[in-house]
Amino acid sequence: MRRCITVGVTSLALAACGGGGDSAPTTTPVPPATDVADSTAPTTSSTTSTTTTTPTTTLPETTTTLATEDLIKQAVQEYIAAYQSCGEAPPECAPEEFTATQGPSRAIVSEFAEGLVARGLYFATDRRGSYLVAESVTLESPTEATTIYCVYDAGIVMGPNGPDGLPTVVNDVIASVRYTYRLFLEDGAWRVGEQHQLERLGEGSLCPPAE
């Protein structure tokens with residue numbers, strides 16, 4: 001996931017963050033939602049405990065739901081990968097290609113990318129081992145689902161070249177954050193339409209091991 005960056009007057013996320021609460025895109029998937037000055041993606045945030053949750057699923061253990069769960073998880077992974085690509089090349093970002101028409105993510109990612117371009121910021125291609133782990137998947141209806149992920153965000157936000165001609169490091173704080181994603185089934189494919197930060201676990205690797 002990508003870290004939240006203050007762009008202009010709005011703090012946007014990894015991702016891709018959702019509306020409501022504190023809007024924040026984390027570097028993510030995500031782009032999916034922390035500030036440039038104070039780290040992670042594109043969200044509503046509320047810092048609570050540092051206890052990580054063992055990955056579980058609320059879907060019934062049937063062949064049909066397991067297939068649906070896999071598709072939902074894949075959609076989140078693809079969203080985060082596309083969000084990262086947007087951050088690496090903001091002028092080429094096309095949120096309509098990987099976000100749902102429903103939910104605020106498409107507009108937020110668009111504004112986020114525009115803010116990066118305006119300030120000359122971008123994501124480093126080296127994600128330094130960043131990863132995300134699914135903690136739960138809930139099928140709300142045949143066309144809506146929510147997931148909770150723990151994101152280990154070690155990405156770096158780069159800025160314009162300094163006096164030495166080299167790019168400046170704007171944010172390289174490593175953090176672990178829990179996010180919730182809301183997905184919609186549109187034209188036969190699951191897509192992320194909203195992202196919110198649930199809990200900032202703290203700096204360092206505090207998520208369960210990568211699957």
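**Strand E8 and its two partners**

Tyr-149 has Tyr-179 of strand E8 as its bridge partner. This pair comes from a predicted model, in which the chain has two helices and nine strands. The points below start with the whole chain and then turn to E8, which pairs with strand E5 and is also joined to strand E9.

**The chain as a whole**
- The chain has 211 residues, and 51% of them are buried.
- Along the sequence, the order of elements is β-β-α-α-β-β-β-β-β-β-β.

**Strand E8**
- Strand E8 covers residues 175-186.
- Ten of the twelve residues in E8 are buried, so that the strand is mostly covered.

**Pairing with E5**
- Strand E5 is made up of residues 144-153.
- E5 and E8 run antiparallel and are paired over ten bridges.
- The bridge between Tyr-149 and Tyr-179 has its Tyr-179 end in E8.

**Pairing with E9**
- Strand E9 spans residues 189-203.
- E8 and E9 are antiparallel too, and twelve bridges join them.
- Arg-182 has Glu-194 of E9 as its bridge partner.

**The turn between E8 and E9**
- Two residues separate E8 from E9, and the two strands form a hairpin.
- Asp-187 sits in the turn of this hairpin and has a positive phi of about 55 degrees.

How values were computed:
Residues are numbered from 1 along each chain as its sequence is written. This is a predicted model: local features need pLDDT of at least 70, side-chain atom pairs count only at pLDDT 80 or more; totals for chains, interfaces and linings use all residues. Side-chain values use heavy atoms; hydrogens and water are left out. Helices (H or I, at least four residues) and strands (E, at least two) are DSSP runs, numbered from the N terminus. Buried means under 20% relative accessible area, exposed over 50%, partly exposed in between (1.4 Å probe, protein chains only). Two strands pair if DSSP finds at least two bridges between them.
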